[in-house]
Each structure stands twice: as C-alpha cells, then as structure tokens.
Amino acid sequence: MRSSKVVTILLVEDDEIDVKALRWAFEKLKVANPLVVARDGVEAWEMLRDLPRPYLIITDINMPRMNGIELLRKIRESEEYRDSIVFALTTSNDEEDKIAAYNLNVAGYMLKTDMGTSFQRAIALIDNYWKVVEFPGPD
Amino acid sequence: MTDTNRARPETLETALRALEEAEAKLRARDGGDTGITRLAESVKRSEERFRMLAEGVPNHLLFLDRELRIEFANDVFLQAAGWSADKAIGVHISEVVGVERFMERQQYYQRALKGETVAYDSTGAAGSEHGYFHFSYRPSFDESGKVRGIFSMATDISERRKIQLELEAKQAELLRSNKDLEQFAYVASHDLKAPLRAIELLVQWITEGLNGYDTNNVQENLGLLTKRTQRLNRLLDDLLAYSRAGRKVGAHRMTDTHALVLDVAQMLNPPPSITISIQGQLPKFATHPAPLEQVLRNLIGNAVKHHPGPEGCVVVSCEEQGDHYVFAVEDDGEGIPPQYAERVFEMFQTLKSRDQVEGSGMGLAIVNRTVQWQRGRVWFEPAPGGRGTVFKFQWKKHQPQAASVETKACEAAK
C-alpha cells in the first residue's frame, strides 16, 4: 500500500522572486503540500535534520556558499540522506551541470525557461510524482 | 694508466698505445707482420675525424677520466672557460662548475661512472653562469668492459629555453583567458539571466494586478522590478570593470597611497558607526594609481558593506617586503569561513543571496584579476584579534616590465 502521508517539499532557492513564483505556481495548481524554503545549500543541509519524511527536494544550482551540485554530492555521500529524491530546477542550461546532476541521481533536471509556465509544469510534474511514486523508507 | 694519460694527454697517444697492444696480440697469434703501418694510418684518420667532429660542433665536449679530471676538452669549451688546452688538462670537473653545482651533479657523474648514459637540463656551464644547458654523460668502456671515463657534452639551450618559457607563459595566459570566456558564458547564461527572468515575472504579475486579479501587490512588485533592473545594471557594469581589470591602467606616477586611502574612505562615505583608519604611514611610490585605488576601494568597501554592525572598525596598513608592498585591509566583521578561500575570488560569487545583501559578487574577482595582472597575490586570513577578516595583497614597487608582454598576449588571445 502506498504511503498516506503527505510529502513535504524542501525548496532550495536563493532568488526571492523565484520562490514567490513557485509559491504562486503551487497555489494555482492547488498543491497544498507543506513547503519549506532554504536560501542555499548550507541552509538546506541544516534543515534536512528536522525535515519530516517523506520529503522531496527541489534545488536551484547556482547559489551562494554551497551550490546545488555540492548539496547533491553531500546528500549522496551521507549515510542518512542518500536516499533523498531531488529535482534540479535551474536556469543553468549548461551540459556540465546536467551531467553532474544526473551523475548524482537527480530524479529530474528541469529548466526555468519561459516565465510562469515552466514553473507550473514543473510543479504539476512533482505533484503527480509524489502521488504515484513510492518513497523509500518507513512511512 | 690514468697517470700516464694525465701526463701525456694526447688522444692519439692513447689510441696508438691501444693499437700497439692489439698489434702485439695479433703478432703473437699470427706470428708475423700484420700491416701495422696500415692500421696506424687508419687510426690517424679516425683520430683526425674525431678532432674535426669535436671542434666542429657548437657544444662543450669533455672527456673525463674515472677521477673526473679533464682528459680532453674541445675548443668551444676552452673558449667558454677562457682556458688554454694545457691549463684544462688534468683539472677536476668541480673546478669548472664550482663546488656547489658539482655537489648537485655528482649523482649524475656517479651514475655515468657506473655505466649509465645520463642526460639532464640545468643552468650553468663553463663561462656561463646563467645559460641553460642540456648535459649528457656517456660512459666510455675499456676492452674488459670497465668504465674508463665519461664523455661529457653540454649543449647551450638558453635560446630554446627562453622561447619555451615564453610559449608556456603565453599558453597559460591563453588557458586563463579561455577559462575566463567559459566562465563568462556560464555566468551570462545564469547570473545575468536571473534578474531578467525576474523582471519578466514581475511584469507579468503587475499586468495581472492591473487587470484586477491581485491589485494589492502592484506597488510592491513595482518596487521589486526597480530593484532587479538596478541589479542587472550593476552586474553589467561590474562585468565590464572585470574585463578591463588591469588593462586600462593610465599613467605611471608618484602616488601617495596614504592620501589615496583617505580619499577612498571619504568617497565610500561609511555610516558613522563604522570608522576607517590607517595604521602608521602608508608609502609613497611610483605606480599606476587607478588599479591600486580600485583594489583598495573594493576591499575597504566590502569591509564596510558586509559589516554586521552595530559598530565596526576597518584598518588599512602596509608592510614593505622585498620588491613589493603588502597592503592589508582588516575588519572586525563576521569573518569568512576558510572553506570559501577559493570561491570568494571567483566571478559572481556571493556568500549571501543577493536578496539579503545587494552585490554583484564581482568585487573580489576584480581585485584578484587586478592584483594578478601586477604579478601579485591576494588572500585573506582571520583577523589577529579573533573577530573579522584581514585581506592582504601584494603590490609591486615598480611596475613589472612583463606587464606589456602579458597585455600583448591578451590582445593575441582575443
């Protein structure tokens, strides 16, 4: 049986307008999952400790202090959080970033391309994703 | 045998003696005349050919005996050393290269004396302290297979070396400028796009607001819109400043750095809670004032901007070290964790999000590039007081001549 628990979403994003846009996309699609925001990898890493499972991470790549790739690496290297499901949502269309992210087993690499709608599509995907996909670990 | 060689050094003599021995052996075997005259002539011709070869090449040629004394030296060597042939024979090799170099090279001689052919490059040969040479030591064996001496050859490769170093410098410069370009392409696609995307989003929201969906936020969104256009503007300005860092240097003139720092402090116009002071007297010397001012302005400006308050001190000082000055800008702010030592000097890197502290993340990248252009280094350390950071950078007392070369390399790289 699939988990009945609602998935918490950790959004790692340093740009407040992108955060706003994502919240707006959540609202528009009536996605009511709990949403927590970290402003960079360092903050996200600290938040992971208290994050209720199941959770799902959406991370930007280019951020101060610890970027998305570094955060991913840290997560994959850790005993505790290596099973995390992480999506990259970024403006970086750089081949190297994509390769690095997939090598670190992102569930999907999504581009912030056109305004608004790319966010809505991303959120719609993630909304479907957590409803269909089984999450690791005990409920 | 070695003694005889030293006393009668002619290679011909040595060869003739070897021939005599061979002759005696042959005579014993064949019991008759073996055409010694013919052989002697053949040896003479071969000796003649060796001499022509030894004197014809542009290299230093020496034959050293087992004790590393000169048994034969060619004209090129003798001319370089300023010695006559008589003076050279029997001289120990350490007297040619000096005891210090001899100690360094002893291992190579020993290897050659054990029968190995050795080659290496090094500075300093007879008559040329700073020239760069390729050395090769080839052991020479006697009939019984024992090493009887070393054939030493030194080839002057100073010119080749100079060209090689120049090429390497140019290659490094090209690699750096390529890396810059790549980084530029990356940041252009992200850091410059980010505010543009935000602007587009905000316009969309404002439009919706004006259409009556969300009228409350129109004012707020307009404020954010202004902020983002300013940010984009600032990013572009700083990117331009970065690309010019160290290039447009202006005139070289006597500069009072004490007055310069006072000017910078006044221009920065810090809040009254933050004081900028100078420790001691800063030097006065001939330099390009514009890039130096840029570096000091960025460092002092950073110290003021990132100070968490409520009260802060920024202290500028300078120390003389050999051919350069080391300027230090010390603050009593939050400090920078050492793991960011590399990253803080990269383009568009900030330790806080731009929404928290407005900044392009170009300030230290510009500092780094300007100081590097000066063949200097910039780094930071925790402030000695335990709180804050001290940024230090080297600034040459005299502008390096090489700067023009590098500028040329830059032009070529374009």
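**Figure 1. Pairing of β11 and β12 in chain B of the predicted model.** Strand β11(B) and strand β12 (residues 389-396) of chain B are antiparallel partners joined by 5 bridges. Strands count as paired if DSSP finds at least two bridges between them. Helices (H or I, at least four residues) and strands (E, at least two) are DSSP runs, numbered from the N terminus. B:Pro382 has B:Thr389 of β12(B) opposite to it. This is a predicted model, in which local features need pLDDT of at least 70 and side-chain atom pairs count only at pLDDT 80 or more, while totals for chains, interfaces and linings use all residues. Residues are numbered from 1 along each chain as its sequence is written, and chains are lettered from A and ligands numbered from 1 in the order in which they are written.

**Figure 2. The open sheet of 5 strands in chain B.** The strand order is β7-β9-β10-β12-β11 (chain B), and the pairing is mixed. The edges are formed by β7 (274-278) and β11 (378-382) of chain B; each has a single partner strand, so one side of each lacks a neighbour in the sheet. From one strand to the next the twist averages 20°. Axes are lines fitted to C-alpha atoms, for helices over the stretch in contact, and angles run from 0 to 180 degrees between N-to-C directions.

**Figure 3. The largest nonpolar core and the surroundings of B:Val314.** The largest nonpolar core holds 41 residues, and B:Leu299, B:Ile300, B:Val314 and B:Val329 have the most contacts inside it. Helix α12 (residues 289-305) of chain B supplies the largest share of this core, 7 residues. Apart from this core lies another, of 40 residues, among them A:Leu56, A:Val86, B:Ile199 and B:Leu201. A nonpolar core is a set of buried Ala, Val, Leu, Ile, Met, Phe, Trp, Tyr and Cys residues joined through C-beta atoms within 7 Å. A residue is buried if 20 or more other C-beta atoms lie within 10 Å of its own, exposed if 12 or fewer, and partly exposed in between, with C-beta atoms placed from the backbone. Not counting residues up to four places away in sequence, B:Val314 touches B:Ile274, B:Ile276, B:Ile300, B:Ala303, B:Val304, B:Val329 and B:Asp331. Contact requires C-beta atoms, placed from the backbone, to lie within 7 Å.

**Figure 4. Packing of α9 and α10 in chain B.** Helix α9 (residues 193-210) of chain B and helix α10 (residues 218-244) of chain B have axes that come within 9 Å and cross at roughly 160°. The two helices are therefore roughly antiparallel; angles under 35 degrees count as roughly parallel, over 145 as roughly antiparallel, 65 to 115 as roughly perpendicular and the rest as oblique. The crossing of α9(B) past α10(B) is left-handed. A crossing is left-handed if the near helix is turned anticlockwise from the far one by less than a right angle, and right-handed if clockwise. Residues making the contact include B:Ile199, B:Leu202 and B:Trp205 of α9(B) and B:Leu222, B:Leu225 and B:Arg228 of α10(B).

**Figure 5. Packing of α2 and α3 in chain A.** Helix α2 (residues 41-48) of chain A packs on helix α3 (residues 68-77) of chain A at an angle of about 30°, and their axes are 9 Å apart. The pair is therefore roughly parallel, and α2(A) passes α3(A) in a right-handed crossing. From α2(A), A:Gly41, A:Ala44 and A:Trp45 take part in the contact; from α3(A), A:Gly68, A:Glu70, A:Leu71 and A:Lys74 do. Chain A has 5 helices and 5 strands, which run β-α-β-α-β-α-β-α-β-α from the N terminus on. Of its 139 residues, 40% count as buried.

**Figure 6. Strand β5 of chain B and its partners β1 and β4.** Strand β1 (residues 60-65) of chain B runs antiparallel to strand β5 (residues 147-156) of chain B, with 6 bridges between them. B:His60 stands opposite B:Ala154 in β5(B). Strand β4 (residues 128-141) of chain B is also antiparallel to β5(B), through 9 bridges, and B:Pro139 has B:Ile150 as its bridge partner in β5(B). The hairpin of β4(B) and β5(B) has 5 residues between the strands, and B:Gly145 there takes a positive phi near 85°.

Figure 7. B:Arg111 belongs to helix α7 (residues 99-113) of chain B. This residue counts as partly exposed because 15 C-beta neighbours lie inside 10 Å. The C-alpha atoms of B:Arg111 and B:Arg138 are 9.8 Å apart, with 27 residues separating the two along the chain.

Key: Two residues are in contact if their C-beta atoms, placed from the backbone, lie within 7 Å.
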